[in-house]
Amino acid sequence: MLIYHQKTKIQDINLQNLTMKKTVKRLATAILFSSIPILGLAQNSPNIIVILADDLGYGDLGCYGHPTIMTPNLDKMASQGMRFTQFYAGAAVCTPSRAALMTGRLPVRTGVYGKGDVFRQNSATGLPLEEFTMAEMLKKKGYATSLIGKWHLGSVAEYLPTRQGFDYWFGTPYSNDMGKVFTTRIDPDFPVPSGPRANAPSLPLYQNEKVIEFEPDQRRLTKRYTQEVIQFIKNNKDKPFFTYYASNFPHTPLYASTEFEGKSARGLYGDVVTELDWSVGQILKTLKDLKLDENTLVIFTSDNGPWLFQKDHGGSAGILFEGKNSTYEGGSRVPTIAWWPGKIKANVTSTSLTSAMDLFTTVAALTKSELPKNTTLDGVDISQILFGKSNQSREILPYYINENLYAIRKGPWKAHFITHASYSPVAPATHAVPLLYNIENDPSEKYDIAKTHPDIVKELTALFEQQKSSITPPPSEIEKVLPSKQK
Ligand code: MG
């Protein structure tokens, strides 16, 4: 019995050894095989960071020619990457522009257009849930996803960013003037009074689906957003991540922290842009410190042109004519920089005709993501432009205000069929013979050359009619509002 018992014991020990060996082997196999997809994931899964300024004009950065706004970090980002001179937001105001960026589709296709221009505190819906967002696309590929900042694609619970592919959200559901402060501008001639508006709803600050503050101190927002972006990067440094950092600034009311306020020769607007520049510098530094820079594509852009109505609290479109809410160039052509050390060559300027809608398609290509089926996309893949392998880009760009097609561009030619000075009480003007500009030769749209170019007018008129008839807009989401008692 003893021997048997001992034997049994030995057998038990052997069995235990065998089990341990098997466990170790299984563990090793598991680690080996699980590391293959991890390695593969790293190679095919660059981190994506999209930084979106709000109402920053084409001429507002040092590297785009502003004489007194200091933007050393963005200038450096441009010198280490690609600066675009013909990159367009998807629309000339916040909400449709963001819908286009998130979906790669014209707002007139998604229903995110309409009277009132943008989603407001009483909007009943948001970006339709059946739309496939960049965040949903990347989440499907195993990315950690976050939105830090302004959403503006729906503020009722079921349309919040956390329901549209973002794992984490810290920010405001809409613009920073949709609370008790509309503008910080003091000017007796300004059409809207400055200071608090007692009857306005309070501006909420969300963390995921919870309001954590009302009327947050906006002087601290840029710092807090920066911290949030950096924390998200650190938390996810070992796996692919997507961060969409949508600053509330330099949209009015303007607020800078005490370190930046009063420092710029351009006044408060310059202070705010310089603080945003600092924020971008902190993010790029974090990527370098964590050695993630060579596996991260960072895009810096703006949602639309400058809000000229705000006078010196609005930005500048530089040599471009007009601003936000206009189909002239200043409305939607925006400063845009792409940065990816080792992948995008340093100090390159691209004049290719490009759009924020192209980012959806390009990110899909770079991450080998599947594009949505049975969906018309308006973006094209510009990765070969980013990598300096091609200048081939889109040839055509339509310009809409709400559901109305106002102008169309083909190559260097742009024809305006309807024109309107942004935020002017004067009705839009229609042009039986369109105004025609060669905007590569005449970026300020000063010289109408329709009379001397009848063939181009004919071609662009046909293209305009074709574009107009190719889309039947779904009902406007922006015009769906909550019953007034629920405001
Ligand atoms: Mg905007």
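Cys63 is buried in this predicted model, because its relative accessibility of 16% falls under the 20% cut-off. Cys94 is buried as well, at 2% relative accessibility. The structure holds zero disulfides.

Cys94 is one of the residues of helix α3, which covers residues 94-103. The helix is mostly covered, with ten of its ten residues buried. They are Cys94, Thr95, Pro96, Ser97, Arg98, Ala99, Ala100, Leu101, Met102 and Thr103. What do the buried residues of α3 pack against? Their partners are strands β1 (47-53) and β8 (241-246), together with helices α4 (107-110), α5 (134-140) and α9 (357-366). After α3 comes Gly104, which has a positive phi near 70°.

Asp303 sits in the loop between β9 and α8 (329-332). Is Asp303 buried or exposed? Its relative accessible area is 0%, so Asp303 counts as buried. Apart from neighbours within four places in sequence, Asp303 is in contact with Leu52, Ala53, Asp54, Asp55, Ala89, Ala91, Cys94, Ser97 and Arg98. Among these contacts, Cys94, Ser97 and Arg98 belong to α3.

## The ten-strand sheet

Ten strands make up an open sheet with mixed pairing. Their order is β7-β6-β5-β4-β8-β1-β9-β10-β2-β11. The edges are formed by β7 (210-214) and β11 (348-350), each of which pairs on one side only. From one strand to the next, the twist averages 15°.

Within this sheet, β1 and β9 (residues 296-302) run parallel and are joined by seven bridges. Ile48 has Leu297 in β9 as its bridge partner.

Helix α6 lies across several strands: β1, β4 (144-149), β5 (168-171), β6 (204-207), β7 and β8. The helix runs at about 175° to β8.

## The pair α6 and α7

Two packed helices are described by the angle between their axes and the distance between the axes. Helix α6 (residues 221-235) packs with helix α7 (residues 267-289) at an angle of about 15°, and their axes are 10 Å apart. That angle makes α6 roughly parallel to α7. The crossing of α6 past α7 is right-handed.

Which residues make the contact between α6 and α7? On α6 they are Thr222, Lys223, Thr226, Val229, Ile230 and Ile233. On α7 they are Glu275, Leu276, Trp278, Ser279, Gln282, Ile283, Thr286 and Leu287. An α-helix has 3.6 residues a turn, so residues three or four places apart point the same way.

## The four-strand sheet

Another open sheet has four strands in the order β13-β14-β15-β16, with antiparallel pairing. Its edge strands are β13 (396-401) and β16 (429-438), each pairing on one side only. The twist from one strand to the next averages 20°.

Helix α11 (residues 454-470) packs on this sheet and touches β13, β14, β15 (413-419) and β16. The direction of α11 makes about 135° with that of β14.

Strand β14 (residues 404-410) pairs with β13 in the antiparallel sense over six bridges. Leu397 stands opposite Arg409 in β14, and the bridge partner of Tyr399 in β14 is Ala407. The pairing of β14 with β15 is also antiparallel, over four bridges. There, Ile408 has Ala415 in β15 as its bridge partner.

Why is β14 described as largely enclosed by the rest of the structure? Five of its seven residues are buried, so the description applies.

| Hairpin | Residues between the strands | Turn residue and phi |
|---|---|---|
| β13 and β14 | two residues | Asn402, positive phi of about 55° |
| β14 and β15 | two residues | Gly411, positive phi near 55° |

Note on methods. Residues are numbered from 1 along each chain as its sequence is written. This is a predicted model: local features need pLDDT of at least 70, side-chain atom pairs count only at pLDDT 80 or more; totals for chains, interfaces and linings use all residues. Side-chain values use heavy atoms; hydrogens and water are left out. Two strands pair if DSSP finds at least two bridges between them. Axes are lines fitted to C-alpha atoms, for helices over the stretch in contact, and angles run from 0 to 180 degrees between N-to-C directions. Contact means heavy atoms within 4.5 Å. A disulfide is a pair of cysteine sulfur atoms within 2.5 Å. Buried means under 20% relative accessible area, exposed over 50%, partly exposed in between (1.4 Å probe, protein chains only). Angles under 35 degrees count as roughly parallel, over 145 as roughly antiparallel, 65 to 115 as roughly perpendicular and the rest as oblique. A crossing is left-handed if the near helix is turned anticlockwise from the far one by less than a right angle, and right-handed if clockwise.
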